[in-house]
Amino acid sequence: MKIVIINGTEIKGCTFHIKEIFLEDLRDNNEVTEFYLPKDLPYFCCGCKNCFFKSEEKCPHAAYVMPIWNAILDADLLVFASPVYALRTTAQMKSLLDHLCVHWMVHRPDEKMFHKKAVILTNAIGVFNGGAQKDIATSLAWLGVTDIKKLGIGLMEGVIWDELSNKRHNYIINKTKKLANRYKKAYHVHMGIKVSLKFYFTKMMHQAIAKKETTLSADNQHWADKGWIKKNYNN
Ligand SMILES: Cc1cc2nc3c(=O)[nH]c(=O)nc-3n(C[C@H](O)[C@H](O)[C@H](O)COP(=O)(O)O)c2cc1C
C-alpha cells in the first residue's frame, strides 16, 4: 500500500510524534511519502483562477502543488496530521486544501479519489479538535473520498511532547495504534452514498451548464473527456 502523509506543521512536536506512532507498524510493509507544510508548499492561493479556467498546470505554484497532488492520486491511504490552531487546522494545511479546490466535485474531480482511505490526525491542548478535523474532512469529501477516519487527541497536560506524563503518552499511543491497526490489511473502498450524491448532483450541474456553452469550459471538458457528460449537445 502507498501512504502519503501531509504534515500540517514542520515542528517535530506532538503532531509529529502522533503521526510517527501511527506509522510505526505500517512503515515496513508500505511505501510512505511525506510532505511537510509550509516547506513543501510555501505559498497561499493567490486567487488567479488559472486552475479553474485554464489548467492546474498554470497555477503559479504548480511546481509545489502538482507533486503533492500526484502523490495523493498515487496513494491508497492519505494521512493528514495537523495541530489545532485557533480551533481550526493550520493555515499552511488550509493553503494546500485551497490549492486542491480545482479537483472538487464541482470542478474537475479524479475518480481515483473515490476509492481512497484517509485519516485525519489532530491534536489540541484542550478537547476541541472538531473544527480542524472538519476543515480537512470537508475538502476530502468534496474531493470524492468516502472512507475518512478522524482521531483527535486532547493533550490536556501541555503542548510539549516530552513533558507529557507516561500515562498520557500511553493513552495517546494506544488510541493511535488502534486506529493504525485498521490499515494493516488491505481492503477495497466503495464509493459511499454521500459521495455518490455529490457526484450525481454535480453531474446534473455540469450537464446543464455544458448545454448552454458553445465551447466547453475546462471543467466541463474534463467531465466530457471522462465520459461523465456528453461531449456535444448540438446534435
Ligand atoms: C498558534 C497556536 C494556536 C493554537 N491554538 C489552539 C487552540 O485553539 N486550541 C487548542 O486546544 N490548542 C491550540 N494550540 C495547541 C496545538 O493544537 C497543539 O496541541 C500544540 O501546538 C502541540 O502540537 P505540536 O507540538 O505539533 O505543535 C495552539 C498552538 C499554537 C502554536
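1. Leu 87 brings a polar backbone atom to 3.0 Å from an oxygen atom of the ligand. From Asn 123 it is the side chain that takes part, with an N or O atom 2.7 Å from a ligand oxygen. On its own the ligand has 610 Å² of accessible area (Shrake-Rupley method, 1.4 Å probe), and the protein covers 71% of that.

2. A word on the basis: residue numbers run from 1 along each chain as its sequence is written. The model being predicted, local features need pLDDT of at least 70 and side-chain atom pairs pLDDT 80 or more, while totals for chains, interfaces and linings use all residues, and side-chain values use heavy atoms, without hydrogens or water.

3. The shell holds 14 residues, and the closest are Cys 14, Thr 15, Val 84, Leu 87 and Asn 123. Sorted by class (Ala, Val, Leu, Ile, Met, Phe, Trp, Tyr, Cys and Pro as nonpolar; Asp, Glu, Lys and Arg as charged; the others, Gly among them, as polar), ten are nonpolar, four are polar and none is charged. Helix α1 (14-24) and strand β4 (117-124) are the elements that each give two or more residues to this shell; helices are DSSP runs of H or I with at least four residues, strands runs of E with at least two, numbered from the N terminus.

4. The whole structure has nine of them. Tyr 43 and Tyr 64 have ring centres 5.6 Å apart and planes at 65°, so this pair is edge-to-face. Because Tyr 43 sits in the loop between β2 (31-36) and α2 (50-53) and Tyr 64 in helix α3 (residues 62-74), the pair ties together parts 21 residues apart in sequence.

5. Two backbone details deserve a check. The Leu 37 to Pro 38 peptide bond is cis, with omega near 10°, and Pro 38 belongs to the loop between β2 and α2. Lys 49, found in the loop between β2 and α2, has a positive phi of about 70° although it is not a glycine.

Technical notes: Near = heavy atom within 4 Å. Polar contact = N/O pair within 3.5 Å; in protein donor to acceptor, adjacent residues only side chain to side chain. Phe/Tyr/Trp six-rings, centres within 6.5 Å; stacked < 30°, edge-to-face > 60°.
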